[in-house]
Number of protein chains: 2
Amino acid sequence: MDTNNSSSNLPIGVFDSGVGGFTVVKALRHTLPGENIVYLGDSARVPYGTKSRETVIKYSLKNASFLCSKNIKMLVIACNTASAHSLEALRSELDIPVIGVIYPGAVSARQSTSRNNIGIIGTEGTVSSGEYGKYIRELSNGTVNTASEPCPLFVPLAEEGWVFGEVPGLVAHKYLSRLQRKLPEMDVLVLGCTHYPLLRDIIQNECDRIFSRRIKLIDSGISTAQVVQQKLESQTLLNKNNLHGELQVFVTDTSKISTIGNRFLGEPLSGVERVDIL
Amino acid sequence: MDTNNSSSNLPIGVFDSGVGGFTVVKALRHTLPGENIVYLGDSARVPYGTKSRETVIKYSLKNASFLCSKNIKMLVIACNTASAHSLEALRSELDIPVIGVIYPGAVSARQSTSRNNIGIIGTEGTVSSGEYGKYIRELSNGTVNTASEPCPLFVPLAEEGWVFGEVPGLVAHKYLSRLQRKLPEMDVLVLGCTHYPLLRDIIQNECDRIFSRRIKLIDSGISTAQVVQQKLESQTLLNKNNLHGELQVFVTDTSKISTIGNRFLGEPLSGVERVDIL
């Protein structure tokens, strides 16, 4: 018999340092349209990518604590830097399933490479954590080579909406050329920051040009949505009563997120509420 | 008789959202080499330029409270955004003189224009506050025209050290062309963010080219150091016992500031200490 867990109607909690996580929400809503989602963007302390592990863990615990007060059935860390630093801390603190974006992205990258050479781009925090490389080596028993390159300017470019044209093209060329020198045989590139899918076209073009082959780009958000679906199914937590789930958005600071959120989410954003959790 | 106030040996407190304020410290140490300085970089919550007025005021009050615990004789807000939003709040809370960077920059700009057309570039927060324009209009009885343009990508470029070459050149060209369309008669440009002096050469080149005349750039840090000197003199607070003042640096997060601080400060940086004021 197909039983429904009594918690299945509860929302999924999702947090990110700001708006980047909306690209993960977009994937979640595509894969799981019936799920209710409560999102927290920590816009008062954004960005996380340049901050220390200790500080990011502290912020992640505060974000999770707020979302748990909304009675969520699962927590998704929709930020690569927060996933890299604070997944274990959150799992040990919380009694609900916690999903980060790094492992799902690593699995997808491992499955996609034929040349066994995977590149990773991300924030300084994500890259220096080495988490993507660690998982990919584990998943491949050390048969896959990895190299990574921090791309700190991609975040402000995406937030500015400068995602086409000469400036982002030049910036992408600079970063990806460095990666090419480290890993010339690369055929798969992990977009290891939730802002990067907005620059997907420019990254794809520069990659194909610099590596002289078609490079497969991995958007961890899409892989994460699939893992969330599997986890909800295996725990009989899928919400089957809904056709169109609700999206409730909280932020820790008002500025900007309401105006640029649409671009990341791919749907109109309304009713953003500010909360003080500082 | 030249009396010395008993507080004159106390340090000057300086805060900024991160490393940008070191350009103000550099100017202070040049103008007032005998003064002891205690600096706080709020690197755990950087940047301020994209955050709301309310949030920036909250952070500024916390920073000031930490510096006051170090028994400072004066507070310098070495951040344009924090000066724009929180000068009044800090003045009403503290019993020591509080100096922001905006008014000194406005005075210097007013004195430097012959065409009575002053441009201002800064963060979104500083530009939307309209503080520079307000002071310049007051100082000139409304005879000087102003226009401003937010340049959000300049901060990450300066932090990355991308201050020469094609990328910052293109970015500067884009922002300054917008300003030229608003204020074609401009002859003075205020660098209304403490990060921008690092991009001074590229801004100067692009300005001269776009406006087809020599544009005078105003570094508010230098003007602020002069105002600090006058204020210390008038309150007999100048430290006359020292030839070489000490610089003590605190940060709220460890990452990056120690490694990129030298570039902003123009002297070697040592003994950076992390404090938890969150």
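This is a predicted model: local features need pLDDT of at least 70, side-chain atom pairs count only at pLDDT 80 or more; totals for chains, interfaces and linings use all residues.
Conventions. I number residues from 1 along each chain as its sequence is written, letter chains from A and number ligands from 1 in the order in which they are written. Local features need pLDDT of at least 70 and side-chain atom pairs count only at pLDDT 80 or more, while totals for chains, interfaces and linings use all residues. Helices (H or I, at least four residues) and strands (E, at least two) are DSSP runs, numbered from the N terminus.

Entry 1, α9(B). I checked the length of helix α9 (residues 200-211) of chain B: at 1.5 Å a residue its 12 residues should span 16 Å, and the end C-alpha atoms, 16 Å apart, agree with that. The expected span is 1.5 Å times one less than the number of residues. I then listed the buried residues of α9(B): Ile202(B), Ile203(B), Glu206(B), Cys207(B) and Phe211(B). They lie on the same side of α9(B), because they cover an arc of only 130 degrees around the axis. The arc is taken from the directions from the helix axis to the C-beta atoms. On the face turned away from that side I found the exposed residues Asp201(B) and Asp208(B). My cut-offs are 20 or more other C-beta atoms within 10 Å for buried, 12 or fewer for exposed, and in between for partly exposed, with C-beta atoms placed from the backbone. The buried residues of α9(B) pack against α8 (166-182), β7 (188-192) and β8 (216-219) of chain B.

Entry 2, chain contact. I found 18 residues of chain B in contact (C-beta atoms, placed from the backbone, within 7 Å) with 18 residues of chain A. On the chain B side, α7 (154-160) and α8 are the elements that give two or more residues. The most come from α8(B), with 4 residues.

Most residues other than glycine have a negative phi, and most peptide bonds are trans. I noted a cis peptide bond between Val46(A) and Pro47(A), with omega about -5 degrees. Pro47(A) sits in the loop between β2 (37-41) and α2 (53-68) of chain A. In chain B, Val46(B) and Pro47(B) are joined by a cis peptide bond, omega again about -5 degrees.

Asn116(A) has a positive phi near 60 degrees and lies in the loop between α4 and β5 (117-122) of chain A. I count Asn116(A) as partly exposed because it has 16 C-beta neighbours inside 10 Å. Ser212(A) has a positive phi of about 55 degrees; with 10 other C-beta atoms within 10 Å, Ser212(A) is exposed.
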